Amino acid sequence: MKADFAKTLKRLNLKNLIKSLVDACRFSARSGCDLIPRECAHSDGKTGRCTRVDMPTHKVPLIANEGIFRGLASQNMLFHQCLGELVDNAIAASLAAGQKFRVDIIFSPIPGNNERVDLYVADNGRGMTLEHLGKALQLGESATKDSRLNEHGFGLKNALATLSGGNGPWKIWTKPKNEGTVLTVEGPFSPEMEIRDEQAFPADAFLPADFSTLIRVPVKVSFIQTTQGRGAPATDLNALRDWIVEHLGVAYRGYLAQDEESFETSGVIVVSIGTNSVQVPPVEVPFGNREVKYFDIQLGAKVERIQYRFGTLDEEKRDKLVRGKKAKFYYQQNQPTQGIDIRLGKRVIATRQFETIWNISRHNSFNDFVGELLIPELPRGILNTTNTKTDFNLDDPDWGKIFSNLAKIPPKKEIRERSEAEVRDKWIQMLKATNPEDTVSNERSVWPTGTRIDVYRRTPQGKIIIYELKVVTASPIHLYQLKMYWDGLVIYGKEQPSEAILIAEAFDPALEEMANMMNLLTPPNETKPYNFKIERLKDKNL
C-alpha cells in the first residue's frame with residue numbers, strides 16, 4: 001500500500017502534502033438516511049422521515065486520506081474545467097456502451113440558500129458495477145481504460161473535491177445496464193468509502209427520464225462565477241449558463257457537430273436550470289479567410305497526419321457564434337484570446353495557445369489571428385496532458401515534434417490587412433490576365449479625403465466596375481463602402497460606374513436582399529441607377 005501511495009503522490013505532484021498514510025478507518029453501517037428530506041428518494045412525503053429498508057453496504061478503502069483530497073481542491077481549476085471532467089467521464093461511459101451520449105447538466109436552487117446551488121450531472125452510459133465504482137473512487141484509477149477522456153484517473157476526484165469547496169459533500173448514484181440495484185456513494189472523501197445498494201434513483205421532476213449515472217454536488221455560486229472571462233460577476237443563473245454553454249460548445253464541438261463522413265453527431269449536452277433546458281451547440285472557430293497545412297509526424301508506432309488551419313477572425317461569424325449570440329469568452333479579437341485551439345480526436349484540449357508554440361509575445365497586431373490544430377484520436381499514453389487536462393505535459397517529446405512543425409509557420413501580424421491585400425493583388429492579376437485591354441488599379445481615389453477604391457476597372461468601351469474584397473463574412477458596412485465609392489466617383493470624379501461588386505468569404509441571403517433594396521435608392525444627381533452585387537471569393541477562384 002505504501003508503494004502504491006508513493007506512486008500516487010508522484011503522479012499528483014503534490015509536494016509535502018502528506019507525510020504518512022493514516023490507518024484505514026472503519027465506519028459502522030448506518031441504519032438510516034442522513035440526507036435532508038428534499039434529497040431523500042425514500043421520504044414518506046409527509047413527515048420527511050426516511051422509509052428506506054436497509055440495503056447492503058460495501059467498504060472501499062482508499063489509498064489516500066482527507067488531506068490528499070483537500071490538496072486536489074487547491075489546483076486552481078475553474079468551474080467549467082471541473083465540469084469538463086465530469087462531462088468527459090459521462091461521454092466516455094456512453095461511447096463505451098456503443099451508443100450516442102446524452103449528458104444533462106442541471107442547476108437546482110436550494111431553498112433558503114442563496115450562496116449555493118445543487119449541481120447535477122446525469123448520463124445515459126453503461127453505468128458502473130461495484131468493481132467499476134470502487135476503481136473510480138481511487139486516485140490514479142478510472143472506471144474504464146478504453147477512452148482518453150478519463151485517461152488519468154484523477155478527473156472525478158479533482159472535480160468533486162474542487163466543486164464541493166475543498167472535499168465537501170457530494171453523492172453518486174449509478175446502475176449498470178440490465179441490473180436492478182442502484183449503487184450510491186457519498187462524500188466527502190475519507191480513507192474508507194461506503195458504497196450502498198439502493199432501490200431507485202431520485203425522482204425529482206427536473207431530472208431526465210432515463211439515465212444510468214447521476215452525480216450531485218452543492219456548489220458555491222461564487223465558484224460558478226469563475227466561468228466568466230470578464231465583467232462584474234453574474235448572480236443570475238441564466239446569465240452564468242450562457243458562459244457555460246459557450247465553454248462546453250468549444251470543448252466538445254467535435255462531438256456535437258456532424259461528422260464529415262457519417263453526417264451524424266456523437267451525442268447531445270443539455271444545460272438546465274430546474275426544468276428550463278438549453279442544448280449546447282458546437283462552437284466552431286470563426287474563420288474568415290484561412291489556410292490549411294498538413295504534417296506527417298511519427299507518434300507512437302504510427303505516422304499520423306495532423307491538420308493545421310489558420311487565418312483571419314470573422315467578426316460577423318463570431319457575433320452569431322453561440323446560439324445566434326456573440327461569443328463572450330473566446331475569439332474576442334484581443335491579446336488574451338489570440339492564438340489557436342488544439343483538438344485531440346473530437347475533444348478540444350487547449351485554447352488560445354500562442355507563446356508556448358511560437359515563443360512570441362502577444363501583441364495587438366495579432367488580434368485577428370485564429371487557428372485550430374486537428375490531431376487524430378490517439379491511444380492512451382501518446383501526447384500526454386497534465387493530470388487536470390488543463391495543460392500539456394511538455395516533458396513528452398511528441399508534443400515537441402508537433403510544436404517544432406508549427407514553429408515554422410509563425411502567425412502573421414495584421415493578418416486581416418495582409419490577407420485582404422493578398423486577395424486584392426491576386427484579383428488584379430487575374431483581371432489583367434483575362435482582360436489585358438482593361439485599366440485595372442488599386443490606386444483610384446475619390447472624395448477630397450483621398451479614399452481609395454479597393455479595385456477600379458475601366459474597359460476600352462468606358463464601362464467602369466468597382467470592387468470591394470473582404471476575407472470575412474460580408475456585412476452591411478461593406479456594402480456602404482461600395483456606395484461611398486460609387487457616390488464619390490459620380491460627385492467628385494465625374495465618372496459613372498456600371499457595377500459595384502462586393503466579393504467576400506461568405507454572405508447572408510439577407511445582405512443580398514439589402515443590396516437589391518439599395519439598388520432602388522435614388523443615385524446622386526439623378527444619374528444611372530445603382531447596381532450593387534455580392535459574390536463569394538471561392539466563386540472567383542480567390
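The structure is a predicted model, in which local features need pLDDT of at least 70 and side-chain atom pairs count only at pLDDT 80 or more, while totals for chains, interfaces and linings use all residues. Residues are numbered from 1 along each chain as its sequence is written, and side-chain values use heavy atoms, with hydrogens and water left out.

Of the 542 residues, 53% are buried. Here buried means under 20% relative accessible area, exposed means over 50%, and partly exposed lies in between, with a 1.4 Å probe and protein chains only. The protein exposes about 25,100 Å², of which carbon and sulfur atoms supply 48%; accessible areas come from the Shrake-Rupley method with a 1.4 Å probe, and for residues only the protein chains shown count as cover. Among contacts between residues at least 6 apart in sequence, 67% join residues at least 24 apart, a contact being heavy atoms within 4.5 Å.

Two strands pair if DSSP finds at least two bridges between them.

S2 pairs in the parallel sense with S8 (residues 267-273) over seven bridges, and Arg102 stands opposite Val268 in S8. S2 is also joined to S3 (residues 113-123) by eight bridges, and these two strands run antiparallel. Ile106 stands opposite Tyr120 in S3. The hairpin of S2 and S3 has two residues between the strands, and in it Gly112 takes a positive phi near 80 degrees. Elsewhere in the sheet, S4 (residues 171-174) and S5 (residues 182-186) pair in the antiparallel sense over four bridges, with Ile172 opposite Val185 in S5.

Two packed helices are described by the angle between their axes and the distance between the axes. The axes of H3 and H7 (residues 237-251) come within 11 Å and cross at roughly 50 degrees. H3 and H7 are therefore oblique to each other, because angles under 35 degrees count as roughly parallel, over 145 as roughly antiparallel, 65 to 115 as roughly perpendicular and the rest as oblique. The contact is made by Phe79, His80, Leu83 and Val87 of H3 and by Ile244, His247 and Leu248 of H7.

A further open sheet has five strands in the order S15-S18-S19-S20-S21, again with mixed pairing. Its edge strands are S15 (439-441) and S21 (532-536), each pairing on one side only. S15 and S18 (residues 455-458) pair in the antiparallel sense over three bridges, and Val440 stands opposite Arg457 in S18. Helix H12 (residues 415-434) lies across S15, S18, S19 (464-473) and S20 (499-506), running at about 145 degrees to S19.

Two single residues complete the picture. Asp398 has its place in helix H11 (residues 397-406) and counts as buried because its relative accessibility is 12%. Not counting residues up to four places away in sequence, Asp398 touches Gln298, Leu299, Gly300, Ile382 and Leu383. Glu264, in the loop between H8 (253-256) and S8, has 42% relative accessibility and so counts as partly exposed. Glu264 and Lys100 are 164 residues apart in sequence and 9.7 Å apart in space, C-alpha to C-alpha. Lys100 is among the residues that Glu264 touches, together with Ala257, Gln258 and Asp259, not counting residues up to four places away in sequence.

Methods
Axes fitted to C-alpha atoms, helices over the stretch in contact; angles between N-to-C directions.
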